[in-house]
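Here is a short briefing on one protein chain. Keep the structure open as you read.

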Amino acid sequence: MGPKTSKVYETLRERLGSGVYAPGDKLPSERALTEELDIGRTALRQVLARLVAEGALEVRGRSSYRVPGAVSVTHPEGVDPWVIHGKRNVYDNQWVKLQLWNVEPPGLSAFEHHVVTLHRVAVTAVLDEQDRVLMMWRYRFVPQQFGWELPGGIVDADEDPADTALREVVEETGWRPKTLEQVVTYQPMVGMVDSPHEIFVGHGAERVGEPTDLEEAGHIEWVPLADIPGLMARGELMGSGTLVALLHILANRRAQGITAAR
């Protein structure tokens, strides 16, 4: 992409990220965009094709683009939340808090339930133009095995998760993503553990130095997306954040009819 095309790409990316174009919205026509953004039709289509490949847009009909993410299912009515009567600490330090909560489900008796509170975490999948994802081969002593992981780490107090995502990629790999987009927040073990995971996808990266977090780094490699299903089948993708991020990418590509090149 040339400077003009890159600028239009960043403009549309910003609009998508800020909600100017919301899930389910139809983008303005190609003619309207070429006039507004002062770009030729061919160059605009290159930008739109890249956004479709990244899962940021989907094609509906001929030259019609929509923002994915619209849903038809509605929230059911008449379903009540559990009542929380109280909480008491069992163990608490800077890394983990264990509590007993007195909870009452609708129509049932109250009982005590263990709740573990951990830190908020940010995990990032960085993709390059060759359909590869930036990963680390690491040893985890809890399951006592090696596996592939995406860079990620704890969100510091008062830190924006996007800043954490960028910082962790640089510290653990020595690469800096050119763009970052938050795609989902989830809880890895929602029935007992409170540890929000923020998942980001980055596109493009530049090498800015050697990893500074040597304990985390291990071996760093750009892994072909086409290898991800095989690595998953072999049990070599470690951590729910890695799995959620990569499955999100693969699902978007499948929805758009895009396959990772070998």
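Two rings of Phe, Tyr or Trp count as an aromatic pair if their centres lie within 6.5 Å, taking the six-membered ring for Trp. By this rule there are five aromatic pairs. The model is predicted.

**Aromatic pairs**
- Trp82 and Phe111 pair edge-to-face, with 6.0 Å from centre to centre and 75° between the planes.
- This pair links distant parts of the chain, 29 residues apart. Trp82 sits in the loop between strand E2 (65–66) and strand E3 (83–92), while Phe111 belongs to strand E5.
- Trp82 is partly exposed at 48% relative accessible area. Phe111 is also partly exposed, at 34%.
- Trp175 and Trp222 form an edge-to-face pair too, at 5.2 Å centre to centre and 90° between the planes.
- Trp175 is in strand E10 and Trp222 is in strand E13, so this pair ties together parts 47 residues apart in sequence.
- Trp222 is buried, because its relative accessible area is 14% and the cut-off for buried is under 20%.
- Trp137, Tyr139, Phe146 and Trp148 make up one aromatic cluster.

**Charges over rings**
- Arg50 lies over the face of Tyr9, 3.9 Å from the ring centre.
- Lys87 places its charged end over the ring of Trp101, 4.1 Å from the centre.

**The largest pocket**
- Its volume is about 1100 Å³.
- The lining has 34 residues, and Val121, Arg140, Glu149, Ile154 and His197 are the closest to the centre.
- Several elements each supply at least two lining residues, among them strand E6 (121–127), strand E7 (132–140) and helix H4 (161–173).
- The lining divides into 15 nonpolar, nine polar and 10 charged residues.

**The second largest pocket**
- This pocket holds about 600 Å³ of space.
- It is lined by 28 residues; Arg13, Ala56, Glu181, Gln182 and Val183 lie nearest its centre.
- Helix H1 (3–18), strand E10 (175–186), strand E12 (197–207) and H7 give two or more residues each to this lining.
- Its lining has 13 nonpolar, nine polar and six charged residues.

**Positive phi angles**
- Asp131 is not a glycine, yet it has a positive phi of about 60°. Asp131 is in the loop between E6 and E7.
- Is Asp131 buried or exposed? Asp131 counts as buried, at 16% relative accessibility.
- Asp158 also has a positive phi, near 65°. Its place is the loop between E9 and H4.
- Asp158 counts as exposed, at 88% relative accessibility.

Notes
Residues numbered from 1 in each chain as written. Predicted model: local features only at pLDDT ≥ 70, side-chain atom pairs only at ≥ 80, totals over all residues. Heavy atoms only, no water. 1 Å grid on protein atoms, 1.4 Å probe; cavity = no way out; pocket = protein on both sides within 12 Å on 5 of 7 lines; lining within 4 Å. Points joined across faces, edges and corners; volume = space filled by probe spheres on them. Helix = DSSP H or I, 4+ residues; strand = E, 2+ residues; numbered from the N terminus. Nonpolar A, V, L, I, M, F, W, Y, C, P; charged D, E, K, R; others polar. Buried < 20%, exposed > 50% of the residue type's maximum accessible area, 1.4 Å probe, protein only. Phe/Tyr/Trp six-rings, centres within 6.5 Å; stacked < 30°, edge-to-face > 60°. Lys NZ or Arg CZ within 6 Å of the ring centre and 35° of its normal.
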